[in-house]
Amino acid sequence: MKIRLTLLAVLLAGSSVFAGTRMDIVNARCKTVGEAMAVMHQQTNKPFVANGRGDDGFDNVGLALFLFKQLGIDLPEDMLQMSELGKVITKIPKMQPGDIVFFGNPQNKKEIYRMGIVQSVSIDGLSFTLFYADEKDGIVRIAHSSEDAFNGRFKQANRIVSDSELNNVRAEHEKDLANIEKAKANLVKAQSAVVAAEEALKAMEDTYAKK
């Protein structure tokens, strides 16, 4: 929870820790996680490329970077650092599309071994599908948690940001714009008042000079 609140604070403050600026979110291509996931669907069958970031293909870190870039959020280019962000989810039924899902090492389940992006969770909450840049198949594909590479190895999922948090960032931006416009209007009034006062003073001085 502390990490999640820190993320929201970073988003609102426009820090460059890993979230980019607030304007990145306001001007992002996608306004919701669902919209970003629709763009993610368009990446299926693209080539697997080690350290791929989308130009020629993807690896799984690249998929996550690509997804959240659509929302105006920059993540660290490191799987372990990603696993420390947002809200950590340890139960499959609680996962949602767009969560980053992590799997443990078969020899050491405490060690994060591979990752993907949750595409859907089954109605019974026992399995899920994920976007996965598959080195063996050489493409980005939709995989199933029952496959040997993932079965029994689920470690956690991380919800980096929610639609409500994104909406809050945009609402804060609109509020700030309104406050700026209000301040501008007040400044114009103040400037008009100063001009009027200067004219009144000059008129008094002129009247005094004629006496």
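Let's start with the open space: the largest pocket holds about 200 Å³. Keep in mind as you look around that this is a predicted model. The pocket is lined by F48, D59, N60, V61, M79, Y113, R114, M115, Y132, A133 and E135. Three elements, α4, β3 and β4, each give two or more residues to that lining, and β3 gives the most, with 3 residues. Sorted by class, the lining has 7 nonpolar, 1 polar and 3 charged residues.

From the pocket, move on to the packing. The largest nonpolar core has 33 residues, and the members that touch the most others are F68, L71, L75, M82, I100, M115 and I117.

Setting aside neighbours within four places in sequence, M82 is in contact with V61, A64, L65, L75, P76, I100, F102, M115, N158 and I160. There is also a second, separate core of 12 residues, with I89, V101, F103 and A143 among them.

Now for the rings. The aromatic pairs come to 5. One of them joins F58 and F66 edge-to-face, with 5.3 Å centre to centre and 70° between the planes. Both partners are tucked away: F58 counts as buried because its relative accessibility is 0%, and F66 is buried too, at 17% relative accessible area.

Another pair brings together F128 and F154, whose ring centres are 6.1 Å apart with planes at 70°, so this pair is edge-to-face as well. What does it tie together? F128 sits in strand β4 and F154 in strand β6 (residues 154-159), so the pair links parts that are 26 residues apart in sequence.

One last stop is the loop between β3 and β4, where S127 is found. Is S127 buried or exposed? S127 is buried, because its relative accessible area is 18% and buried means under 20%. Not counting residues up to four places away in sequence, S127 touches I92, V121, S122, H144 and S145.

How values were computed
Residues are numbered from 1 along each chain as its sequence is written. This is a predicted model: local features need pLDDT of at least 70, side-chain atom pairs count only at pLDDT 80 or more; totals for chains, interfaces and linings use all residues. Side-chain values use heavy atoms; hydrogens and water are left out. A nonpolar core is a set of buried Ala, Val, Leu, Ile, Met, Phe, Trp, Tyr and Cys residues joined through side-chain atoms within 4.5 Å. Buried means under 20% relative accessible area, exposed over 50%, partly exposed in between (1.4 Å probe, protein chains only). Contact means heavy atoms within 4.5 Å. On a 1 Å grid over the protein atoms alone, a cavity is a set of points where a 1.4 Å probe fits but cannot get out, and a pocket is an open set with protein on both sides within 12 Å along at least five of seven lines; lining residues have an atom within 4 Å of a point. Grid points are joined across faces, edges and corners, and a volume is the space filled by probe spheres set on the points. Helices (H or I, at least four residues) and strands (E, at least two) are DSSP runs, numbered from the N terminus. Ala, Val, Leu, Ile, Met, Phe, Trp, Tyr, Cys and Pro count as nonpolar, Asp, Glu, Lys and Arg as charged, and the others, Gly among them, as polar. Rings of Phe, Tyr and Trp (its six-membered ring) pair if their centres lie within 6.5 Å; planes under 30 degrees apart count as stacked, over 60 as edge-to-face and the rest as tilted.
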